[in-house]
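Here are my notes for anyone opening this structure for the first time. Take a look at the model, then read through the points with it on your screen.

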Protein chains: 2
Amino acid sequence: MDNPAKPKRTRIQRERRELIQEAALEVFSQHGFRGSTIDQIAEAAGMSKPNLLYYFKSKEAIFVALIDRLMEAWLAPLREMDQDGDPATEIRSYIRRKMEMARDFPRESRLFANEILQGAPRVMPLLQGELKDLVDEKAKIIKEWMRQGRLKGADPYHFIFAIWATTQHYADFDVQVRAVLGPERGGEGRFEDAAAFLEKLFLG
Amino acid sequence: MDNPAKPKRTRIQRERRELIQEAALEVFSQHGFRGSTIDQIAEAAGMSKPNLLYYFKSKEAIFVALIDRLMEAWLAPLREMDQDGDPATEIRSYIRRKMEMARDFPRESRLFANEILQGAPRVMPLLQGELKDLVDEKAKIIKEWMRQGRLKGADPYHFIFAIWATTQHYADFDVQVRAVLGPERGGEGRFEDAAAFLEKLFLG
DNA sequence: CAATTTTTTGACCGTTTGGACAAACGTTAA
DNA sequence: TTAACGTTTGTCCAAACGGTCAAAAAATTG
């Protein structure tokens with residue numbers, strides 16, 4: 001997770017690696033790791049397979065780079081939750097941010113979901129370390145808010161889990177959501193409706 | 001989805017097909033469809049690959065049989081929700097049943113999640129048909145309960161989604177849940193804690 | 001028992017896959 | 001011009017994969 005000797009990269013290398021990661025995100029999020037081929041990614045990135053392997057030494061390396069970048073963005077919204085802010089406002093903002101991520105970055109969400117579903121073989125240390133620490137810290141804050149009577153009392157861990165589950169559901173299970181809502185209600189408005197519902201559910 | 005000429009099967013065929021599906025559930029739920037090999041499934045079932053292919057004509061056929069059986073169990077809890085029952089009791093029972101499924105059948109849950117994540121290529125018709133119809137029907141009931149003031153008012157569709165998301169989370173994201181809760185709180189009690197939390201969340 | 005059907009297996013095949021490699025190409029700078 | 005370096009590609013390979021097939025083994029039936 002640290003950087004043992006950071007590699008110096010040319011401009012082209014930075015651009016190409018970025019291009020490859022974008023293509024890989026598209027492919028991996030649709031087919032999962034094992035279901036994706038280097039050829040698919042290479043084609044999506046508009047280059048030949050050997051050329052792609054010049055920038056990433058293996059399929060695994062692409063995936064790891066993607067996950068690494070993803071996890072940062074993943075933890076950010078919870079990091080922003082501020083102990084000194086108004087509890088209701090902080091929770092509301094957190095839900096909003098998570099919902100926006102589900103809407104704007106569904107591929108990242110699905111990629112992460114896939115990794116966890118397979119037993120988190122590549123991010124387990126991160127879950128037990130950085131993520132657990134962060135949640136422990138924020139759970140303490142939420143608990144304090146509840147103790148002060150500024151937030152309805154409940155288990156802060158399951159509270160956070162519930163926010164994760166409900167918001168990510170709209171990215172990960174998007175096809176099911178749309179299928180059930182049907183053509184009329186399944187339009188773009190569904191994220192707004194969901195956000196409004198969740199605010200009431202968690203704060204009402 | 002119907003049965004065009006139901007095949008007559010010997011006792012051995014019934015037993016072997018069952019054995020294979022159990023093994024396939026184990027393998028598919030861990031590695032996904034593309035990530036699983038026929039050899040893996042055959043080994044888990046304690047037979048040779050050609051022998052397995054004697055009972056199921058392809059990898060796809062195993063998967064379809066599995067999904068078919070799964071979907072029935074999947075819809076059952078919602079089907080049981082009774083219009084004439086007490087709203088709070090009905091919702092509570094529904095949450096309990098879904099939570100028990102997450103605890104007792106996590107492989108089935110993960111298999112389903114995997115299928116949806118990949119865009120539901122094999123169950124889309126079912127989602128748009130049977131599932132949508134069922135949800136439409138139950139949403140109407142919930143809406144009526146809310147109109148009568150017997151249940152807190154909210155969008156019944158997102159209400160149902162939220163129950164799905166939160167309960168299935170404890171099966172699909174189990175490793176993450178355990179990692180965050182840590183060794184102390186991540187024991188078997190987590191399902192009870194979660195169920196209690198969710199009842200309050202949805203009915204409190 | 002023998003005849004017939006069902007079940008099991010070893011050997012095999014064509015394709016796909018991740019990855020290696022050397023040769024070619026392009027660019028820049030001495 | 002040439003040497004050096006970064007980039008790109010065609011070709012190739014070994015392993016893994018889904019699936020076939022003929023024939024042996026086991027079970028069932030007459």
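1. Let's start where the chains meet: 54 residues of chain A touch 54 residues of chain B. Please keep in mind throughout that this is a predicted model. The area buried between chain A and chain B comes to about 4500 Å², and 67% of that is given by carbon and sulfur atoms. On the chain A side, the residues that lose the most area to chain B are Leu117(A), His158(A) and Val180(A), which together make up 16% of what that side buries.

2. Charged pairs also cross this boundary. How many salt bridges are there between chain A and chain B? The count is two. Have a look at Arg185(A), which forms a salt bridge with Asp155(B); the closest N and O atoms of this pair are 2.6 Å apart.

3. Over all chains, the structure holds 38 salt bridges. An example inside chain A pairs Arg92(A) with Glu199(A), with 3.6 Å between the closest N and O atoms.

4. For the overall make-up, chain A has ten helices and zero strands. Read from the N terminus on, its elements run α-α-α-α-α-α-α-α-α-α. Along the principal axes, the C-alpha atoms of chain A fill a box of roughly 60 × 50 × 30 Å.

5. Now turn to chain B, where helix H5 (residues 87-104) and helix H10 (residues 190-203) have axes that come within 10 Å and cross at roughly 150°. An angle over 145 degrees counts as roughly antiparallel, and H5(B) and H10(B) are therefore roughly antiparallel to each other. Their crossing is right-handed. From H5(B), the residues in this contact include Ile91(B), Arg92(B), Ile95(B) and Met99(B), and those from H10(B) include Phe191(B), Ala195(B), Leu198(B) and Glu199(B). Sorted by class, the residues of the contact are eleven nonpolar, no polar and five charged.

6. H5(B) has another packing partner that is worth a look. Helix H4 (residues 59-79) of chain B packs with H5(B) at an angle of about 160°, and their axes are 9 Å apart. That angle makes H4(B) roughly antiparallel to H5(B). The crossing of H4(B) and H5(B) is right-handed. On the H4(B) side the contact is made by Ala73(B), Trp74(B), Pro77(B) and Leu78(B), and on the H5(B) side by Tyr94(B), Arg97(B), Lys98(B) and Met101(B). The contact of H4(B) with H5(B) has six nonpolar, no polar and two charged residues.

7. Finally, how do H4(B) and helix H6 (residues 106-117) of chain B cross, and at what angle? Their axes come within 10 Å and cross at roughly 110°, which makes H4(B) roughly perpendicular to H6(B). The crossing of H4(B) with H6(B) is left-handed. H4(B) brings Phe63(B), Leu66(B), Ile67(B), Leu70(B), Met71(B) and Trp74(B) to the contact, while H6(B) brings Glu108(B), Ser109(B), Leu111(B), Phe112(B) and Glu115(B). By class, the contact of H4(B) with H6(B) has eight nonpolar, one polar and two charged residues.

Definitions and conventions:
Residues are numbered from 1 along each chain as its sequence is written. Chains are lettered from A and ligands numbered from 1 in the order in which they are written. This is a predicted model: local features need pLDDT of at least 70, side-chain atom pairs count only at pLDDT 80 or more; totals for chains, interfaces and linings use all residues. Side-chain values use heavy atoms; hydrogens and water are left out. Axes are lines fitted to C-alpha atoms, for helices over the stretch in contact, and angles run from 0 to 180 degrees between N-to-C directions. Helices (H or I, at least four residues) and strands (E, at least two) are DSSP runs, numbered from the N terminus. Angles under 35 degrees count as roughly parallel, over 145 as roughly antiparallel, 65 to 115 as roughly perpendicular and the rest as oblique. A crossing is left-handed if the near helix is turned anticlockwise from the far one by less than a right angle, and right-handed if clockwise. Contact means heavy atoms within 4.5 Å. Ala, Val, Leu, Ile, Met, Phe, Trp, Tyr, Cys and Pro count as nonpolar, Asp, Glu, Lys and Arg as charged, and the others, Gly among them, as polar. Buried area is the accessible area (1.4 Å probe) that two parts lose on being put together, summed over both. A salt bridge is a side-chain nitrogen of Lys or Arg within 4 Å of a carboxyl oxygen of Asp or Glu.
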